[in-house]
Every structure is written in structure tokens, then in C-alpha cells.
Amino acid sequence: MAAGDNTPETAERSVARRSDRHQVVVIGSGFGGLFGTKALRRSDVDVTMIAKTTHHLFQPLLYQVATGILSEGEIAPPTREVLAGQDNAHVLLGEVTGIDLDKRVVTSQVLGRELVTSYDSLIVAAGAGQSYFGNDHFAEFAPGMKSIDDALELRGRIFGAFELAELAAARGEPTDHLLTFVVVGAGPTGVEMAGQIAELAHRTLKDDFRLISTRHARVILVDAAPQVLPPFGAKLGAWTKEKLEGLGVEVLLGALVSEVDERGLVVKYKDGSSQRIDAIAKVWAAGVQASPLGRILSEQTGAPLDRAGRIAVNPDLTLPGYPEVFVVGDMISLDNLPGVAQVAIQGAKYAANEIDGRLKGKPSQGPFKYFDKGSMAIISRFRAVAMVGKMRLTGVLAWLMWLVVHLFYLTGFKNRVTAVLRWAVSFLGRGRSERTSTEQQIFARQALSRLSRGATDLVSEPGEYDDAAERRRAELEQQAAEEARLSDENKRGVKIES
Ligand SMILES: Cc1cc2nc3c(=O)[nH]c(=O)nc-3n(C[C@H](O)[C@H](O)[C@H](O)COP(=O)(O)OP(=O)(O)OC[C@H]3O[C@@H](n4cnc5c(N)ncnc54)[C@H](O)[C@@H]3O)c2cc1C
């Protein structure tokens, strides 16, 4: 039984092997998973991609979904569609719950349905989730920014807060806590979120309400670090802070979040003082925790995990003792590589080349070498910061660069076209095309989390539906026979004697 695999009795039953060709299993459909699979398109292998969502997610633009600029479809195309033209690729929905490195099988589950898939080579690209630094209960009140669910929930909470404020004003109640938005974490995502909420409040929504003035909304960016955007260096950090403040964002640095509840949060400063901020809409953009699959791999190989749960890999991205297993992207700890898309893309391409090369009897490429193409963060329309090699850019030039790079990496031609149109609407005009939000987007996740097995509790067990369907069929047949009898015997409209 593999570590982390709690269903050994079914494990042997459903091993799926597609052909006698070399079988590559790829876990994840993010940057590592998708680019790794694509890089194997000309190889003499079958690739099975197993991912827990049906889409490839372009995480860098999640904040634009959360703030109504883009739709979820534009940043999350169906993986199946993206890979439709790649004959050797097979996409399977499933959350991987077990990996047995000795048996070379991966166990995945969907709604209580289990599948075991065998492999000759494995690429693990399961990424990272949000870290609340041991305070997971904060998540209920301050959603992170890692998935489409997160972005849609945040969209509902942000636009919903303005609606509740208008309602509170109509009822003569206080509105301050409804018109205060707190973003925790002053890295690129936090800066982008804070900038966009400020633009929403001060520009987009300013004429839409009658009783409240959205221009008076407070947007607060909080971080325990002493500067914003630490990886961009002190100068760009200071520039960004100044521009954010120019947009009306209050930047609280050296402020550690110690409590979060429905109504607000508490921050603690270095001098021991603390401050409560009342705000119903909060965004958590601080800290990441690598996929729990890292622990499963660590237990079987002895490869250590770092504090963020990232697994130490060999210089060729393989695991000690298992040269057929590659781990790429946000899950790895190697030479202080950052958790950015290019590390995942380049790592996955490297792993694919290594697998292809081995099959062709070629020598190894040598250790994985990361080529840093630069980093950028957008602050608001026409303002961004960028670092490319030794070059530091700010303002419109950096913003244009951001636009071109994100357009280039956005998957799918139609998504690029619609994204450009939406950006024109939001950046040249002041509209937001995607302001729709529903009650379910805000509350369904919490409702699901109250079920012991989540969505699995809402569907029938495998096989159970068939019995129920047969019972229902018999009922319908009986009902149809009765209907026909009543008509044939002219019993319709005839008084029924009691
Ligand atoms: C809000 C945000 C903004 C960002 N902005 C930038 C940016 O501007 N520039 C930049 O370079 N990087 C940015 N990043 C980081 C970048 O997105 C990641 O470094 C990159 O996505 C890592 O790729 P990955 O393949 O390792 O993981 P991911 O892209 O996260 O993919 C992980 C995949 O694994 C799947 N998965 C997870 N667990 C399982 C499981 N148990 N079973 C099956 N499937 C599983 C997931 O569904 C997903 O498909 C940002 C990240 C976020 C969250």
C-alpha cells in the first residue's frame, strides 16, 4: 500500500495501461503539467494527464477574474480542448491521493470513484496551495487566490460588500466595515488585488450607487514584511508603495495578522501594539504550501521537505532512488528557485526531454538549468514594475511589457482576442465586463465543507445509481401501463365510486 493511499482493497482492481508503449503519467494540468505533456507530443510514448480540475489555470490573471475584468473561461481553458490535437495525450479528471513508487502506480479519485494508473515515467506537477501559516480557519473569512473557486468567491464578496453597504445605508446602519477591504500579503498578487479594488471603488463603481460613495471605500494592504514586493528589491518596492498610496491604498507594513473573523481582523506590530480593522471583505494573498503529494513522495524516498512542504529533488529534478520520477514547478526545493510559472514550464520541458532522450538512448542533458526571463507586477492601469536581468522598469513601459508577456502565455487564440477586448473595456474605458456574482459563489464552498466527504456525499456510490434507476424504471413502466389502461377503458373523467 502506498503512503497516503487509504484504499488498498480496490487498488489492484483497476490498473489502467493504454498500450505497450512507454507510459508517462503527468499529475497536474497547471504550467508544469500542460507544458510537460505538450513537450512529449512527438515522443513515442502515451501520456496520461491526471488533474483534479478539467482546466488549465493561468493563475497570474486570477485577480482579474476576482475583480470583474476577465471571465473564468478566459484564463482557464479546458485541458481536454487544449490537448485535443495531441493524439498521444489522454486527459483524466482525478485527485491523486496515492503514489506507490515501487509498484509504479498512481491512485486517483473523483466523487468516490477510484482509478489506479500505472506508469513507466512520472512527472509530478501538482503545484502549491495557499498557506495560512497554521491558521487554516482564517480561510473561511479570507479566501486565498489559487483557484477559479477562490476568484469567483472573492468576486462575490467584493461586489457583494458594496451592495450590502448600499443596503445598510438604506436601513440607516453603519457602512464603514462594509466599505473597508483588506488584502493580506504585499507580494505581486496582493499588490495587484489592492490596486484593482482601489480602481473599482474610485473609478469603476463611482456612479453606480445612490446612498454610498464608493470613493470613500478604504483599501488596506497588510504585510508583516518591512516593504512591499520584497523579491523586487528596495527601490521598486518603494516606488510601488508610493504609487499604491497615490491610488488611495493604505499600506500597513510590519503588521502581522493574528486573528481573522467574519467581521474583520487583528494585526500586531513589532512594538507589541495591535490594531483591529473591521472589514467583511478580506483577501488572503500571503504564503504558499506545496501540494501534500510532496509528503507522500518524501515518505517513500527520504527526500526532505522544506517549511513550505517543497520536496528536495536531485539536480535533474528526479527523486533519490527513482530516476523515472520527476517533480517540477512549485512543489520543488532546488537552489532557491522561485515559485513562478517559468520554473514549472522549463522544468517540465526538461523532464519531457529527459524521458524522450532516454528512450532514444541519448545521454542525459545534465543538471536542470533555469533561465530567468524576469518578473513583473502590475499596480493599476498603466503602472507596473518589471525586473529583467539587471534592468529595472517602472510605469507605462513596464505595464506594456506585462500586457504583451501575459497575452503571449495566455493559452488559446480566442482567449487572447477576448482578453484584449476586456482589457480595452477596463483600462481604456472604466467598465468591468464580468461583474456577475451569485449567492452560491460566496456560500457554496462553506456549505460543501460542512459535509463530511464534500461533494462525494451528494452523489450516489458507484453502482448504487443503477439499482435506483432500475427501481425507477419499474415505477415508470407501471405508471405508463396504468395511464394506457385508463385511456383504453375510457375511464377518464368518469366519477370514481368511493
Ligand atoms: C494569484 C497568483 C498569481 C501569480 N502570478 C504569477 C506571475 O505573475 N508570474 C509568474 O511567473 N508566476 C505567477 N504565479 C505563480 C505561478 O502561477 C506558479 O508558479 C505556477 O502555476 C506553478 O506551476 P505548477 O505546474 O507547479 O503548479 P500549478 O500551475 O499550480 O498546477 C498544479 C496542478 O496540479 C493540480 N493538482 C494539484 N493537486 C493535485 C492532486 N492531488 N491530484 C491531481 N491534480 C492535482 C492542480 O489542479 C493544477 O492543475 C502566480 C500564482 C498565483 C496563485
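These legends describe close-up views of a predicted model. Residues are numbered from 1 along each chain as its sequence is written. In this predicted model, local features need pLDDT of at least 70 and side-chain atom pairs count only at pLDDT 80 or more, while totals for chains, interfaces and linings use all residues, and side-chain values use heavy atoms, with hydrogens and water left out.

View 1. The strands follow the order β4-β3-β2-β8-β20-β19, and their pairing is mixed; helices (H or I, at least four residues) and strands (E, at least two) are DSSP runs numbered from the N terminus, and two strands pair if DSSP finds at least two bridges between them. At the edges stand β4 (89-93) and β19 (318-319), each of which pairs on one side only. Strand β8 (residues 121-124) runs parallel to strand β20 (residues 322-327), with three bridges between them, and leucine 122 has valine 325 in β20 as its bridge partner. Helix α2 (residues 31-39) lies across β2 (22-27), β3 (45-51) and β4, at about 165 degrees to β3, where contact means heavy atoms within 4.5 Å. Helix α9 (residues 293-301) lies across β2, β8, β19 and β20, at about 160 degrees to β20; axes are lines fitted to C-alpha atoms, for helices over the stretch in contact, and angles run from 0 to 180 degrees between N-to-C directions.

**View 2. A salt bridge between aspartate 46 and arginine 21.** The side chains of these two residues meet with an N to O distance of 3.1 Å, a salt bridge being a side-chain nitrogen of Lys or Arg within 4 Å of a carboxyl oxygen of Asp or Glu. Aspartate 46 belongs to strand β3 and arginine 21 to the loop between β1 (15-16) and β2, so the pair ties together parts that are 25 residues apart in sequence. A search of the whole structure finds 30 salt bridges.

**View 3. The hairpins formed by β5, β6 and β7.** Strand β5 (residues 95-100) and strand β6 (residues 105-110) are antiparallel and share five bridges, with serine 108 in β6 as the bridge partner of valine 96. Four residues lie between the strands of this hairpin, in which arginine 104 takes a positive phi near 60 degrees. Strand β7 (residues 113-118) is joined to β6 by six bridges, again in the antiparallel sense, and valine 106 stands opposite threonine 117 in β7. The hairpin of β6 and β7 has two residues between its strands, and leucine 111 in the turn has a positive phi of about 50 degrees.

**View 4. The open sheet of three strands, in the order β22-β23-β24.** Pairing in this sheet is antiparallel. The edge positions are held by β22 (375-380) and β24 (391-395), each with a single partner strand, so one side of each is left without a neighbour in the sheet. Neighbouring strands are turned by 5 degrees against each other on average, direction ignored. Strand β23 (residues 383-388) pairs with β24 over five bridges, and the bridge partner of methionine 387 in β24 is arginine 392. Helix α8 (residues 233-246) lies across β22, β23 and β24, running at about 170 degrees to β23, and helix α11 (residues 396-409) lies across these strands as well, running at about 100 degrees to β24.

**View 5. The second largest pocket, with a volume of about 360 Å³.** On a 1 Å grid over the protein atoms alone, a pocket is an open set of points with protein on both sides within 12 Å along at least five of seven lines, a cavity is a set of points where a 1.4 Å probe fits but cannot get out, and lining residues have an atom within 4 Å of a point. Grid points are joined across faces, edges and corners, and a volume is the space filled by probe spheres set on the points. The lining of this pocket comprises 14 residues, of which Arg157, Glu262, Ile280, Ile442 and Phe443 lie nearest its centre. Two or more lining residues come from each of α6 (148-170), β16 (281-284) and α13 (439-449), and α6 gives the most, with five.

**View 6. The largest cavity, holding about 30 Å³ of space.** A search of the whole structure finds one cavity of 30 Å³ or more. The residues that line the largest cavity are Arg310, Gly329, Asp330, Ile332, Leu337, Pro338 and Gly339.
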